[in-house]
Amino acid sequence: MTGVSRAEICVVACAEAWRGDGEILASGMGLIPRLGAQLARLTFAPDLVLSDGGAELVGDDGAEGWLPYRAVFGIVAAGRRHVMMGASQLDRYGNQNISCIGSWARPTAQLIGVRGAPGNTINHPTSYWVPRHSQRVFVDRVDMICGVGYTRAAAIGFPGNRFHEIRMVVTDKAVLDFQSPDRGMRLRSVHPGVDVDDVVAATGFPLHIPNSLCETRMPSDRELRLIRDRLDPGGLRNHELGR
């Protein structure tokens, strides 16, 4: 199949975040992460459990179980969930901000609040989806820590940080992770058509860049058919990136 869009590459990159997770609750916050979780289940991760964000477990043909929201907290506390959230700010060690811009006492912009970010990041694997890779998001220091990164998790120590893992960051330009000696953000792959220099220029701190860097993989024909014909026939994925 031809004419692969950047959004479709991002859906596949998000799906890869759940590879090898087994039977856990996969929570994709936002359209492209949700499509990624669904695609992963339909292809290489059939044991994933997907929720509608309310009280139902959803499968390929609709509702397949009941999961009241109060029960989610038990899953979270046991480390049996992997969420992909958004981020208004991220620093080089994966500390995330979704609460406010500027001083907490007198912010210049009020965002959605801390929400469940602390509990998510300290209790189970977390990944992030950033549809606009820029220095406004990737900052040297977040204005408020909502999601716990590697520096704060290290300060907590064991056993409080035993489930902590920032797995992956997917953006419209690249895939990043924290598989570096100091747990600083590492460039894992660049999307086709994106230069490494473009990613570096859009990031407000130094990235670890491996000697051998690959491109983010393209969707297979089967994955494209699933995305286009089954998961998102209306093409809403492209609107999220403005492409």
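Predicted model: local features only at pLDDT ≥ 70, side-chain atom pairs only at ≥ 80, totals over all residues.
Visitor: Why is Ser212 called exposed?
Guide: Exposed means over 50% relative accessible area, buried under 20%, and partly exposed in between (1.4 Å probe, protein chains only). Ser212 has 66% relative accessibility, so Ser212 counts as exposed. Ser212 lies in the loop between helix H6 (196-201) and strand S14 (214-215); helices (H or I, at least four residues) and strands (E, at least two) are DSSP runs, numbered from the N terminus.

Visitor: What makes helix H1 mostly covered?
Guide: In H1 (residues 6-16), 10 of the 11 residues are buried. Among them are Arg6, Glu8, Cys10 and Cys14.

Visitor: How do you know which classes line the second largest pocket?
Guide: Ala, Val, Leu, Ile, Met, Phe, Trp, Tyr, Cys and Pro count as nonpolar, Asp, Glu, Lys and Arg as charged, and the others, Gly among them, as polar. The lining includes Gly86, Ile101, Trp129 and Arg132, and by class it has 6 nonpolar, 4 polar and 2 charged residues.

Visitor: How do the residues of the lining of the largest pocket divide?
Guide: They divide into 16 nonpolar, 11 polar and 4 charged. Strand S1 (25-28) and helix H2 (31-42) are among the elements that each supply at least two residues of this lining.

Technical notes: Residues numbered from 1 in each chain as written. Heavy atoms only, no water. 1 Å grid on protein atoms, 1.4 Å probe; cavity = no way out; pocket = protein on both sides within 12 Å on 5 of 7 lines; lining within 4 Å.
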